[in-house]
Amino acid sequence: AVPATTAMFAELNIDDQLAFLWYAYAELGRTITPAAPGKANLQLMEGIFNQIKQMSHEEQTQLMRDLASNADTPISRSYAYFGVNAKLGFWWQLGEWMKEGIVAPMPVGYQMSTQVKAVLEAVQKIDQSQQITVLRNTVVNMGFDPSLADKK
Ligand code: 45D
């Protein structure tokens, strides 16, 4: 179930990948919040977070699209060095800030595509530890790793 669901995610277009993450965060985030990502991880990201907070909403959205599409940007390169839980923690923090309006929120009236719906339904059918594995698989390949770039 995990590889099949991960493959479904990989076939989504970039905005649909972001939309999937958003709804996964909105649904699973509630249970995840108590086990909030390690403070040490978050501190390593402080420089990047400060930059993000100073960006316009358009720049923030672009940054997230760049991460999801493996664009070669300084932040994409830094992201690639994070461990997998740090990557999840990074997205979790962006999700929190989207809720608070610090990072550009989802557009009002946004409707997910049928493709996103299908991946979410697949994720809802697996148990929670598998769900976290799928989420790890989705965020681990984001960002830009120069040593992998020619293999993609
Ligand atoms: O379509 O350390 C546009 C544990 C318009 C414990 C848009 C854990 C068009 C140990 C605005 C472009 C294992 C629990 C769309 C950690 C359009 C530990 C934009 C796990 C879609 C870390 C969309 C933690 C955008 C876990 C900008 C499982 C979407 C954490 C942005 C999971 C979406 C975190 C964001 C998740 C999603 C975070 C920011 C799933 C964030 C998701």
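What percentage of the 152 residues of the protein count as buried? The share is 43%, where buried means under 20% relative accessible area, exposed over 50% and partly exposed in between, with a 1.4 Å probe and protein chains only as cover. The model is predicted: local features need pLDDT of at least 70, side-chain atom pairs count only at pLDDT 80 or more, and totals for chains, interfaces and linings use all residues. Residues are numbered from 1 along each chain as its sequence is written, and side-chain values use heavy atoms, with hydrogens and water left out.

The protein has nine helices and zero strands. Helices (H or I, at least four residues) and strands (E, at least two) are DSSP runs, numbered from the N terminus. The order of elements from the N terminus is α-α-α-α-α-α-α-α-α. Contact means heavy atoms within 4.5 Å. Among contacts between residues at least 6 apart in sequence, 81% join residues at least 24 apart. The protein exposes about 8,300 Å², and carbon and sulfur atoms supply 55% of that area. Accessible areas come from the Shrake-Rupley method with a 1.4 Å probe; for residues, only the protein chains shown count as cover.

An N or O atom in the side chain of Tyr 110 lies 3.1 Å from an oxygen atom of the ligand.

Helix α8 spans residues 114-124, and its buried residues are Val 116, Val 119, Leu 120, Ala 122 and Val 123. These residues lie on the same side of α8, because they cover an arc of only 160 degrees around the axis. The arc is that of the directions from the helix axis to the C-beta atoms. An α-helix has 3.6 residues a turn, so residues three or four places apart point the same way. Thr 5 belongs to helix α1 (residues 2-10). Thr 5 counts as buried because its relative accessibility is 4%. Leaving aside neighbours within four places in sequence, Thr 5 is in contact with Val 119, Ala 122, Val 123, Ile 126 and Val 134.

Ser 76 sits in helix α6. With a relative accessible area of 1%, Ser 76 is buried. The side chain of Ser 76 reaches the backbone oxygen of Ala 71 at 3.0 Å. Residues up to four places away in sequence aside, Ser 76 touches Asp 66, Leu 67, Ala 71, Gly 143 and Phe 144. Ala 80 is also placed in helix α6, residues 74-81. Its contacts, leaving aside neighbours within four places in sequence, are Lys 87, Phe 144 and Asp 145. Ala 80 and Gln 93 are 13 residues apart in sequence and 17 Å apart in space, C-alpha to C-alpha.

Asn 70 occupies the loop between α5 and α6. At 23% relative accessibility, Asn 70 counts as partly exposed. Phi of Asn 70 is near 60 degrees, a positive value in a residue other than glycine. Most residues other than glycine have a negative phi.

Conventions: A polar contact is a pair of N or O atoms within 3.5 Å; within protein, one must be able to donate a hydrogen and the other to accept it, and residues adjacent in sequence count only if both atoms are side-chain atoms.
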